[in-house]
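Here is a short briefing to read alongside the model. Please keep the sequence and the 3D view open as you go through the topics below.

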Amino acid sequence: MMPNYPDSDSALDQALACSSGTAHVRQTLTLCRDWRSTPDSITLEPTYRISGDGRVQARLEDHEIFLDEPVLLEPVHIAKPWGQEIWHSGIEARGECGVRTPAGVLPLSHYLALAPRRLTGGLPLVLLKILDPDPEPVLGDLYFETHEQKQEVYVVTHVDPEAWPDGSGGIRFGMNQDLRRRYADDDAFRRDYLAAVQAYEAVRRDIDAGVAVAAGREAELRAAMNAFTGMRELRVGDVVVVPTWLPHSLQHGVRVVEFQTPTYERYIISFAQQVLTQDHWDTEAAVARMHLDVPAPPRFEQLADGVENIVTFDDFRVWRVRVPAGSSLALPVHASYLLCMGVQGQVTVGNLTLAPEQAAFVPGAALSAQVNGAGIRLPRDAASKRLSVLLAAADL
């Protein structure tokens, strides 16, 4: 959800219009935290120093931060039955990421409330996170689920060699097209798949309740259910685009960077463990609406040497930058903000250096500053053979 940020930019605009030199602004802001389990409000009292060239330095409690410079995102780790999620831009009841400052960590929502128009153009943040499944089969397999609104893209960063000795992991991706073709029509295919899932769910609930189940029965029913689904091999560097209503389940030991629509909604079709986040599966509704056709492999648009657009959704885009040693790249000035995730090599974003799987937020004010000579670039660490970084924004 898009938090309801205060209109804190107006006072800064007025100060800029009325002063040709350095100006100081003090504000009292009310941040409505309606994403919390119990919604509340908090009062923030930031001060701002606005220089004659339009640069804005904000101070909130002990935190001092320039609003036209990239900031390092402080992740939060969310435990899951199958492993963990590592959020870099999440603001939810389950956890909130932060922004690293010399004084410590400032909650991300507090930072964005300082000047939401300057920082994000008023647009919602794409949700950036890492999915880190356990390497053990079944235990580390994610929910087989689908989404009505949420769109996702995965970039594979690691395949556990113990789980997948040949380096090729997998994702359960859509439905088994060979089995589907054996049916007279798709309605019959959906009915039999639904029956298989419901048979497995009954045994799964017995196990969760501590009821004794005949040896091998769970595995037998799970195999019968999974026979209806399709699998796709994954190697490091592969990209998986997950549109709405496509059922999917990342498999154990396959670690990915994920960008997704910042909404929390899903339909759980099945899961080989106890579901802890809700008391039901959504199988019947999901099977009736899920897409049976598997989308064609993604085709990437080459934007420049080493720069490709790997996904274009209606609410965000993601670019992948892969350039050789010694290269650098100016960040796009047209975006309202950027999320940057280091993948390979040491990545310098403005005044920050990102290790792999570290992320930065680049405000829109920083991107537009490049036009005035304050260029923010992504030079490649010459000690590594190749740089790889992911960029995402709502209007990239």
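Axes here are lines fitted to C-alpha atoms, for helices over the stretch in contact, and angles run from 0 to 180 degrees between N-to-C directions. The model is predicted: local features need pLDDT of at least 70 and side-chain atom pairs count only at pLDDT 80 or more, while totals for chains, interfaces and linings use all residues. Residues are numbered from 1 along each chain as its sequence is written, and side-chain values use heavy atoms, with hydrogens and water left out. Helices (H or I, at least four residues) and strands (E, at least two) are DSSP runs, numbered from the N terminus.

**A helix pair**

- Two packed helices are described by the angle between their axes and the distance between the axes.
- Helix α5 (residues 186–208) packs against helix α6 (residues 217–226) at an angle of about 155°, and their axes are 9 Å apart.
- That angle makes α5 roughly antiparallel to α6; the cut-offs are under 35 degrees for roughly parallel, over 145 for roughly antiparallel and 65 to 115 for roughly perpendicular, with the rest oblique.
- The crossing of α5 and α6 is left-handed, a term used if the near helix is turned anticlockwise from the far one by less than a right angle, with right-handed used if clockwise.
- On the α5 side, the residues that meet α6 are Y193, A196, V197, A199, Y200, V203, R204 and I207; on the α6 side they are R217, E218, L221, R222, A224 and M225. Contact means heavy atoms within 4.5 Å.
- By class, this contact has ten nonpolar, no polar and four charged residues. Ala, Val, Leu, Ile, Met, Phe, Trp, Tyr, Cys and Pro count as nonpolar, Asp, Glu, Lys and Arg as charged, and the others, Gly among them, as polar.

- Four strands form an open sheet in the order β1-β4-β5-β6, with antiparallel pairing; two strands pair if DSSP finds at least two bridges between them.
- β1 (23–26) and β6 stand at the edges with a single partner strand each, so one side of each has no neighbour in the sheet.
- From one strand to the next, the twist averages 15°.
- Strand β4 (residues 47–50) runs antiparallel to β5 and is joined to it by four bridges, and Y48 has A58 in β5 as its bridge partner.
- Not counting residues up to four places away in sequence, S51 touches L16, G21 and T22.
- E61 lies in the loop between β5 (56–60) and β6 (63–66), and its relative accessible area of 65% makes E61 exposed.
- Most residues other than glycine have a negative phi. E61 has a positive phi of about 55° although it is not a glycine.

**The six-strand sheet**

- A second open sheet to look at has six strands in the order β8-β9-β14-β21-β16-β19, with antiparallel pairing.
- Its edges are β8 (76–80) and β19 (239–242), each with a single partner strand, so one side of each is left without a neighbour in the sheet.
- On average, neighbouring strands of this sheet are turned by 25° against each other, direction ignored.
- Strand β16 (residues 152–159) and strand β21 (residues 254–260) run antiparallel and are joined by seven bridges; H158 has R255 in β21 as its bridge partner.

**Other strands and loops**

- In a regular strand the side chains alternate between the two faces of the sheet.
- β2 pairs with strand β3 (residues 40–44) in the antiparallel sense over five bridges, and the two form a hairpin with six residues between them.
- Strand β26 (residues 337–344) is mostly covered, with six of its eight residues buried.
- Five bridges join β26 to strand β29 (residues 359–363), the two running antiparallel; C340 has A360 in β29 as its bridge partner.
- E357, in the loop between β28 (352–354) and β29, has a positive phi near 70° and is a residue other than glycine.

Notes:
Buried means under 20% relative accessible area, exposed over 50%, partly exposed in between (1.4 Å probe, protein chains only).
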